[in-house]
Amino acid sequence: MKTNLAKLTFGLAICFGACRPGFAQIAPGRFNHVILEQVRQMPQGGRYSASRVATIRLQSAAHFESGKFFILPDAASPSYCSGATYLVFMKTIEALRARGTLYLDYATLESLMIRGQRDGEGIWGRWNANGPGTARLFHEMDLGQNFDDFAEAEPGDFMKIFWSPEVGRGEHGHSVIYLGMEKKFGIDYVRFWSSNIPMGYGEKSVPRSKVVHAIFSRLDSPGNLSRAVNAPAVDKYLASLLSTRSSYQEAKAKCGM
C-alpha cells in the first residue's frame, strides 16, 4: 500500500507541474523596493516633451564625479518616458553602490552616462530605443528576467507598454515603472510611474484593455552591467527599429522570452 501511495503522490506531483505551465516561474524582485524608493524621490510634474531640448536637459541631469553619480532629476525638465525611467535606473544603481551591495568599475560606470547615443548604441541607446529597448538590454547583459504575464508582475518592475500591435517603426509605446493593478468602476486599471503626457513626472493609471502588449523587466543582477564594456557598441536589432517594423513575437524572442 505504501508503494502504491508513493506512486500516486509522485504521479500527482508530475501532473501538478505539467498541468500548470503558467505557474509562477519568476523569482521575486530583489531590488524592486529600492527602485520604488527612487521613484518616491523623483519630482512631480515639470511637463512632458520629447524634444531635443529635453534630451539636452536629460544629459545635464546626471554627472559622474569622483567615482559617484550625481543625479538631479529636476534638471531634466521637460522630460520624456524613457529618460525618466533611466534616471530611476541610474539612481537605483547609485543607491546599491552607496549601500555597499554593488560594485562596478570606472569603465562600467562611465558607460552608463547619457551622451547623445543613437538608438541601440551603448546602454542608454539601448534603453531609449524603439521596441523592447530595456528588455533587450536586460537579456543581452543578463540583468534580470523579462516576461509579459501581468499575474507575475510586481511593483517596481520596469515595463514597456505597447499601445498598438506595431513594434519598431510606427509603434506607439511608453516606458514606465509598474506600480500595480487597481479597480475603477469595476474595470481593471494598470498603475505606473513615468513622465506622462502632458504633465511630466508622476503616476498614472489606464484601463488594462488599452495595453495591447507589455513586457516587464525585473532587475536581478545589476553587477552584470560590467558586461557592457565587452558588448557590441551597437545593438543592430534595436538600431534597425527606427526605420523598420518588427513584430511582438520577434521582440519577445530578442528578449529571451
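Before we start, a quick definition: a residue counts as exposed when its relative accessible area is over 50%, as buried when that area is under 20%, and as partly exposed in between. Keep in mind that this is a predicted model.

**Exercise 1. Work out how Lys183 and its salt-bridge partner Asp188 are classed by accessibility.**

Step 1: Take Lys183. Its relative accessible area is 59%, and the cut-off for exposed is over 50%, so Lys183 is exposed.

Step 2: Now Asp188. With 37% relative accessibility, Asp188 is partly exposed.

Step 3: Look at the pair itself. The closest N and O atoms of Asp188 and Lys183 are 2.9 Å apart. Side chains of opposite charge can pair when their charged atoms come close.

Step 4: Check for linked bridges elsewhere.

**Exercise 2. Find the salt-bridge partner of Lys184 and class both residues.**

Step 1: The partner is Glu182, with 3.8 Å between the closest N and O atoms.

Step 2: Lys184 comes out at 31% relative accessible area, so it is partly exposed.

Step 3: Glu182, at 26%, is partly exposed too.

**Exercise 3. List the buried residues of helix α2 and say what they pack against.**

Step 1: Helix α2 covers residues 32-40, and its buried residues are Asn32, Val34, Ile35, Leu36, Gln38 and Val39.

Step 2: Those buried residues pack against helix α4 (81-98). They also pack against β5 (158-162), β7 (173-184), β8 (187-196) and β10 (213-219).

How values were computed:
Residues numbered from 1 in each chain as written. Predicted model: local features only at pLDDT ≥ 70, side-chain atom pairs only at ≥ 80, totals over all residues. Heavy atoms only, no water. Buried < 20%, exposed > 50% of the residue type's maximum accessible area, 1.4 Å probe, protein only. Helix = DSSP H or I, 4+ residues; strand = E, 2+ residues; numbered from the N terminus. Contact = heavy atoms within 4.5 Å. Salt bridge = Lys/Arg side-chain N within 4 Å of Asp/Glu carboxyl O.
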